[in-house]
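Work through these exercises with the structure open beside you. Try each task before you read its solution.

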Amino acid sequence: MAILFGSQEWADALKKALETSQAYKEAAKNWEGDIYIIVEPDASYKHRNIMYLDLWHGECREARAITDENEKSPKYRIFGPFTNMKQILDKKVDSVQSMMTGKIKVKGDMAQIMKMPRAAVELVNCMTAFETVFPD
Amino acid sequence: MWYFVVPEVVFGPDALSHLAELKGKSAFIVTDKNIVSLGFVDKVKEQLSQAGIQAAVFDEVEPDPSLQTVQRGVALMNQYGPDLVVAVGGGSVMDAAKAMRVQYERPDIKPEEINPFISDLGLGARCKLVCVATTSGTGAEATFAIVLTDTADQRKLSLINREIVPDIAIVDPELARAMPPQITADTGMDALAHAVEGYTCTWKNDFTDGLCIKAIQFVFQYLPRAVKDGNDMEAREKMHNAGCIAGIGFINALSSMAHAAGHSLGALFHIPHGRAVGLFLPYTIEFIGEVREELWAEIAYAIKLEVPKGKRAATILAQAIRGLAHNINQPLSIKETDIPLDSFNKAMGKLIDNVMADGSLIVSARIPNVAETERFLGYTYEGKSIDF
């Protein structure tokens, strides 16, 4: 069953995917830091979605759809317009190439990301491990 | 959407004379003591002086340069205030120079923080970077990658950003003539690994494919000759070009698993980079295997290898690379590098961690898990073809 993007159900599905992915656990075993994934509105999408993930040494301690961006002060922020995020979730573009071409932006401790690039890749793989439906 | 980024490449005999055409007031030459003793730095200074450019020399770059070396060089650059940085040497020298140039122009960014996601480095305002290659294979004169060693963490840092590409690459075969056979072989295998991985990684693209294939052909045709006779200038020139062409090819796609494994081994056991990645290359071809069978077959066709019916192109290509390596006295297994088995086994945990954390691994067409990586390394130590 497809899960509505941006919903708490979607956050729960992602948490489950992270918890069951051996590849993610291995790649992120030294990862320390929580993340906001922020989907910004664009011409084809009027909503702004924020997903909060608390990731720690290969575990996902919390995954939550939130509405107030000030609620947390995460170590990382990954953000970009809906169309670009959707292309990643649809596996039409590579997530790291999207970041390298500025389609998706990253803010935070870049030295840690550069030490664990596969953690970011496996995180995205988990996002695409279940079927997502996007709101109109 | 993707980018194809190259420096201005000046190649062929007498390419070094292009330095006399440069505009500037003062140059900071980054090099090592061996290059100074070979007289290459004097030649560079002579050309620069014809352009009215004064030069200072920093000759303290070591193999596998450390962050600390970069900091020392930057401190001197800040005192000298050059508008040109001229790297004269192999991959280590050119990588150190790239990192120094970034920190000279952007002191707010530490070398280890250079990453592909920064889009506004704004390099070039304070100085230009010219890379003069003296080895044939790293391709560093044409790439926007820097490999530095984090001595504290015993791992190599692969730092990438499109803006750090040199402004000019000088590819003059005369400068390669002095390379001893061992370094010729090591760096030549690096060029081969770049080209094969650039052609087969998941980021391969239309703009890099032709370059990678051409470089592979050159390496198979000319590397044995260049190793056998360093004064064979046709072979020297083709290998010098192959190194640069492969560099442009792979950096605009990416290197993959042989580089991840080679970085890991090199950081812990100080095996020269080209020797390490060349050693792993046939094993990674076997490991990736059928996922890229069509591409292995294309490479085999390009170098006129016959793939008998019922045989896999990956197997034939891996055998051919081992044959080439054997001809130029390269090790075919980790055991042949004289790393004792007990030292290797003791380091296994760190070796695996380094492979799994290496940025090159993300574009491998088949990514190993931890257990597969351990098995892969064990096979490679023994010289056993990968069968899983």
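**Exercise 1. A lysine in chain B**

In which loop of chain B is the place of B:Lys304? Then describe its backbone and its surroundings.

Solution. The model is predicted, so treat each value as computed from that model.
Step 1: Find the flanking elements. B:Lys304 sits in the loop between helix H10 (293-302) and helix H11 (313-327) of chain B.
Step 2: Check phi. Phi of B:Lys304 is positive, about 60°, although the residue is not a glycine. Most residues other than glycine have a negative phi.
Step 3: Count neighbours. B:Lys304 has 9 C-beta neighbours inside 10 Å. A residue with 12 or fewer is exposed. B:Lys304 therefore counts as exposed.

**Exercise 2. A lysine in chain A**

Is A:Lys91 buried or exposed?

Solution. 
Step 1: Count neighbours. There are 11 C-beta neighbours inside 10 Å, so A:Lys91 counts as exposed.

**Exercise 3. Chain A as a whole**

How many helices and strands are there in chain A?

Solution. 
Step 1: Count the elements. Chain A has 6 helices and 7 strands.
Step 2: The pattern is β-α-α-β-β-β-β-α-α-β-α-α-β.
Step 3: The C-alpha trace of chain A spans about 40 × 30 × 30 Å along its principal axes.
Step 4: Look at burial and contacts. Buried residues are 35% of the 136 in chain A. Of the chain A contacts between residues at least 6 apart in sequence, 72% join residues at least 24 apart.

**Exercise 4. The sheet of chain A**

In which order do the 5 strands of the open sheet in chain A lie?

Solution. 
Step 1: Write the order. The strands run E4-E3-E2-E5-E6 in chain A, with mixed pairing.
Step 2: E4 and strand E6 (105-107) of chain A each pair on one side only.
Step 3: Zoom in on one pair. Strand E3 (residues 49-56) and strand E4 (residues 59-66) of chain A are antiparallel and share 7 bridges. A:Trp56 has A:Glu59 as its bridge partner, and A:Leu53 has A:Ala63.
Step 4: Inspect the turn. E3(A) and E4(A) form a hairpin with 2 residues between them. A:His57 in that turn has a positive phi of about 50°.
Step 5: Helix H1 (residues 8-20) of chain A lies across E3 and E4 of chain A, at about 165° to E4(A).

**Exercise 5. Chain B and its parallel sheet**

How many helices and strands has chain B? Then build its 6-strand sheet.

Solution. 
Step 1: Count the elements. Chain B has 13 helices and 8 strands.
Step 2: Order the sheet. The open sheet of chain B reads E1-E8-E5-E4-E2-E3, with parallel pairing.
Step 3: Find the edges. Strand E1 (8-11) and strand E3 (54-58) of chain B each have a single partner strand, so one side of each is left without a neighbour in the sheet.
Step 4: Check one pair. Strand E5 (residues 128-133) and strand E8 (residues 168-171) of chain B are parallel over 3 bridges. There, B:Val132 stands opposite B:Ile170 in E8(B).

**Exercise 6. A bent helix**

Where does H6(B) bend?

Solution. 
Step 1: Take the length. Helix H6 (residues 206-228) of chain B has 23 residues. It reaches 35 Å from first to last C-alpha, close to the 33 Å expected.
Step 2: Find the bend. H6(B) bends by about 45° at B:Tyr222.
Step 3: Look ahead. A proline, B:Pro224, follows within four residues.

Notes
Residues numbered from 1 in each chain as written. Chains lettered and ligands numbered in written order. Predicted model: local features only at pLDDT ≥ 70, side-chain atom pairs only at ≥ 80, totals over all residues. Expected span 1.5 Å × (residues − 1). Bend = angle between axes of the 7 residues up to and from the residue. Buried ≥ 20, exposed ≤ 12 C-beta atoms within 10 Å, placed from the backbone. Contact = placed C-beta atoms within 7 Å. Pairing = 2+ DSSP bridges. Axes fitted to C-alpha atoms, helices over the stretch in contact; angles between N-to-C directions.
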